[in-house]
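Let's take a look at where a ligand sits on this protein and where there is open space. Have the structure open while you read.

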Amino acid sequence: MVLEAKGIKKEFSNGEVVTPVLKGVDFAVQDGEFVAIVGESGSGKSTLLYILAGIDKPTEGDVVLLGKNLKDLDDKSLAQMRREDFSFVYQFDNLVANLTVYENITLPLVLDKQKESAFKARAEEVANYLGIGDTLKKFPSQLSGGEQQRAAIARALVTNPKIIFLDEPTGSLDKERGRQVMELLKTINKEKGVALVMITHSQAHAEYATRIVKMEDGLLN
Ligand SMILES: Nc1ncnc2c1ncn2[C@@H]1O[C@H](COP(=O)(O)OP(=O)(O)OP(=O)(O)O)[C@@H](O)[C@H]1O
Ligand SMILES: [Mg+2]
């Protein structure tokens, strides 16, 4: 089991108005699984993914990620886990504009104080694997949307994580590029055994996963 979440509730309060978004979500991911989360806009998919990855805290409930209850971790240990054991690909592209593609991809390793001599070959291998090996010296703005998305996935993959969370990795891509990214994710999952938890609006893309769950009325079905 790489992830187990139990009884996850999340409320947002805005002055006196309290909006319950997650109403007791139970969710588990086995080693090497590829799970797609679908559901209407505003149903709480991103909110759940942030909580599962420790980016946001639940109002109630527990998340056990890679054997650790996130409640028991301080910010430093969580940041270390994020650099070494799991990755997150955001809904909206978040490459750093003034860093090259190579610098973006290797950023988690630099932040982890690893030496370039130790990771250069690995970063190049991951970029080649994702078909963006020839873009490494460019800046994000010089890449197509699909290439940017693959660079974000390369950055998520370079640390050799056990699980990657992806919030609509194909949301901003056209049909063909979206399909290519999905094929890549499926290959990553199969060949490298990395567990994937991916939000998508596309039924066709959800079907690349080994399991599909739906967010509805604050619960996951
Ligand atoms: N920080 C916040 N403060 C207040 N309300 C929030 C906050 N974040 C999310 N919400 C509300 O929680 C609900 C769920 O938002 P969330 O972003 O999780 O939806 P989603 O399922 O990811 O939607 P989409 O498919 O459009 O990305 C929405 O009604 C949103 O307005
Ligand atoms: Mg969302």
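This is a predicted model: local features need pLDDT of at least 70, side-chain atom pairs count only at pLDDT 80 or more; totals for chains, interfaces and linings use all residues.

## Around ligand 1

Ligand 1 has 13 residues around it, with Ser41, Gly42, Lys45, Ser46 and Thr47 coming nearest. Helix 1 (residues 45-52) gives the largest share of this shell, three residues. Sorted by class, the shell holds eight polar, three charged and two nonpolar residues.

The side chain of Thr47 has an N or O atom 2.5 Å from an oxygen atom of ligand 1. On its own, ligand 1 has 640 Å² of accessible area, and the protein covers 57% of that.

## The largest pocket

This pocket has a volume of about 360 Å³. Of its 16 lining residues, Arg82, Ser87, Phe88, Pro108 and Arg155 lie nearest the centre. The lining counts 10 nonpolar residues, plus three polar and three charged.

## The second largest pocket

Here the volume is about 200 Å³. There are 14 lining residues, and Asp56, Lys57, Pro58, Leu70 and Lys71 lie nearest the centre. Strand 4 (60-65) and helix 2 are the elements giving two or more residues to this lining, with strand 4 supplying the largest share, three residues. By class, the lining splits into six nonpolar, five charged and three polar residues.

Key. Residues are numbered from 1 along each chain as its sequence is written. Chains are lettered from A and ligands numbered from 1 in the order in which they are written. Side-chain values use heavy atoms; hydrogens and water are left out. A residue is near a molecule or strand if one of its heavy atoms lies within 4 Å of it. A polar contact is a pair of N or O atoms within 3.5 Å; within protein, one must be able to donate a hydrogen and the other to accept it, and residues adjacent in sequence count only if both atoms are side-chain atoms. Accessible areas come from the Shrake-Rupley method with a 1.4 Å probe; for residues, only the protein chains shown count as cover. Helices (H or I, at least four residues) and strands (E, at least two) are DSSP runs, numbered from the N terminus. Ala, Val, Leu, Ile, Met, Phe, Trp, Tyr, Cys and Pro count as nonpolar, Asp, Glu, Lys and Arg as charged, and the others, Gly among them, as polar. On a 1 Å grid over the protein atoms alone, a cavity is a set of points where a 1.4 Å probe fits but cannot get out, and a pocket is an open set with protein on both sides within 12 Å along at least five of seven lines; lining residues have an atom within 4 Å of a point. Grid points are joined across faces, edges and corners, and a volume is the space filled by probe spheres set on the points.
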